[in-house]
Amino acid sequence: MTTVDAFSTDPADAVPHTPAAAAAGRLNGTPPRTPGADLPEHPDALWKNPEPKKAYDVVIVGGGGHGLATAHYLVKNHGITNVAVLEKGWLAGGNMARNTTLIRSNYLWDESAAIYEHSLKLWEGLEEDLGYPILFSQRGVLNLAHTLQDVRDSVRRVEANVLNGVDAEWIEPDEVRKICPIVNTSSDIRYPVLGATYQPRAGIAKHDYVGWGFARRIDEAGVDIIQNCEVTGFVRDGNRVTGVRTTRGDIACGTVALAAAGSTSVLTDMLGLRVPIQSHPLQALVSELLEPVHPTIVMSNAVHVYVSQAHKGELVMGAGVDAYNGYGQRGAFHIIERQMAAAVELFPVFARAHLLRTWGGIVDTTPDASPIVGRTPYDNVFLNCGWGTGGFKATPGLGWVFADTIANDEPHPYAAPFSLDRFVTGRLVDEHGAAAVAH
Amino acid sequence: MQMIKCPWCGPREEVEYHYGGQAHVAYPAEPAALSDEEWAHYLFFRDNTRGLFAERWVHTAGCRRWFNAVRDTVTYRFHATYRPDEPRPVTA
């Protein structure tokens, strides 16, 4: 058994974390650690499973991160507690149950920086707010630049970030090496690393715990979380929706808030409302559990891969979306293959790691790669969708902004630029590529 | 890997193709007559069907010709492929 540094660059050191390896007392004298041993225990009960009431002031459709966070801020900021969150499956069981948990705010445009930075600030206090551990770890994100155009775009984005109060800096390859020693910064690879943008406050969080933390909090406040409750239709009265038809009966509502991500179009079709959303599979994967080798988050737009290491030790890697429309929660293998080729070139240390599992989530993409938040042609139906590949990081920020929009019947200033009618006015918020996102 | 049947070349691997989104969206007969809203709908709004969906594909690495397909967006199974000048076939 070899002895390794915590952040070794030798491929031979990326050995699986086995009981035998732990017993050998490696990691330079630090005590052996059992994967997951440092994760907190769960309370016996997190939320109740109530029968739906006949009516609610606000019915939120979608019990993922966004729906739960919206309910939380309706309670906390606006004192609105007669709220139901309807979930067709189990709570936080869609994209919230499987995602790459990347949290950052280094977006190019002012509109995006405002809402994502608002969200990042909320993440920084979320554990205290929820009274529940979410393992938010601000380990920084590197967005690699591989071409001269990448470098120019990246420097431009850093300057824009700084003007918007977002922590960002441009760093040279030798600094990339210092921050993340396992990145291959040699010049003889297909996409050499010419530098990177760095946002130190970016991080990851334990996605399940985030969903559970919100759920526990709103359950305590009297919000009904209703699982296995699929919306099958809406009761309309002119420009209003007066009720929601579900597999668990009809529920009357004062206001409806849609937060259904990849399934948004299924709901809006029932309302006769067209939204510019295309649902695509987005694949990600994790490796077996490894010793800590990857201290930060690395994204590379050009080669379509982003990588971090989860608290338990899995390498978590995301790809770009599969090209075709899909609702099947799985994607094509050649997408994963291309992603792995890119990952192994950038991180030679990963070459011997084994794949543990892959999955596909259904993401709701828009023509300008920005979300849609705000009003609909119905007086009392509010829409939140179109977060595409980046919804997790927005969870608390969107919840805050969407709750404010619902409570005041007026788009929050951070939501206003993301209105549905921007596709008619032409005032798009084009974050394709500009966001440093692998779309 | 999924095999897709090009109407001209026959079955080939999925990586030879590129996706083109919803099929049968005609260019407006009188573009200048459209309102901003109608133009927005032509430009940005497409069906996002859960189930059988008629869509465009191009055989990039083969004959480079466009064609249409009816594919199930839940199972991803192709039910039919057909030439652009043919009507959408009736599929189960």
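Analyst: Angles under 35 degrees count as roughly parallel, over 145 as roughly antiparallel, 65 to 115 as roughly perpendicular and the rest as oblique. Axes are lines fitted to C-alpha atoms, for helices over the stretch in contact, and angles run from 0 to 180 degrees between N-to-C directions. This is a predicted model, in which local features need pLDDT of at least 70 and side-chain atom pairs count only at pLDDT 80 or more, while totals for chains, interfaces and linings use all residues. Residues are numbered from 1 along each chain as its sequence is written, chains are lettered from A and ligands numbered from 1 in the order in which they are written, and side-chain values use heavy atoms, with hydrogens and water left out.

User: How are H2(A) and H9(A) oriented to each other?

Analyst: Helices (H or I, at least four residues) and strands (E, at least two) are DSSP runs, numbered from the N terminus. The axes of H2(A) and helix H9 (residues 395–408) of chain A come within 7 Å and cross at roughly 55°. The two helices H2(A) and H9(A) are therefore oblique.

User: Which hand does the crossing of H2(A) and H9(A) have?

Analyst: A crossing is left-handed if the near helix is turned anticlockwise from the far one by less than a right angle, and right-handed if clockwise. Residues meeting across this pair, with contact meaning heavy atoms within 4.5 Å, include A:Tyr73 and A:Leu74 in H2(A) and A:Trp400 and A:Phe402 in H9(A). The crossing of H2(A) past H9(A) is right-handed.

User: How does H3(A) stand to H9(A)?

Analyst: Helix H3 (residues 110–130) of chain A packs on H9(A) at an angle of about 110°, with the axes 7 Å apart. On that angle, H3(A) to H9(A) is roughly perpendicular. The contact involves, among others, A:Leu122 and A:Trp123 of H3(A) and, on H9(A), A:Pro396 and A:Trp400.

User: Which residue is the bridge partner of A:Ile60 in E2(A)?

Analyst: Two strands pair if DSSP finds at least two bridges between them. Strand E1 (residues 55–61) of chain A pairs with E2(A) over four bridges, in the parallel sense. Within E2(A), A:Ile60 has as its bridge partner A:Val85.

User: Which hand does the crossover from E1(A) to E2(A) have?

Analyst: A crossover is right-handed if, with the strands pointing away from the viewer, the path from the first strand over the helix to the second runs clockwise. From E1(A), the chain passes through helix H2 (residues 65–78) of chain A to reach E2(A), and this β-α-β crossover is right-handed.

User: Which residue of E8(A) is the bridge partner of A:Val85?

Analyst: Strand E2 (residues 83–86) of chain A sends A:Val83 and A:Val85 one way and A:Ala84 and A:Leu86 the other, and all are buried, the term meaning under 20% relative accessible area, with exposed over 50% and partly exposed in between (1.4 Å probe, protein chains only). E2(A) also pairs in the parallel sense, over three bridges, with strand E8 (residues 224–226) of chain A. In E8(A), the partner of A:Val85 is A:Ile225.

User: Is A:Val244 buried or exposed?

Analyst: A:Val244 belongs to strand E10 (residues 240–246) of chain A. Leaving aside residues up to four places away in sequence, A:Val244 touches several others, including A:Val59, A:Leu86 and A:Val231. Because its relative accessibility is 0%, A:Val244 counts as buried.
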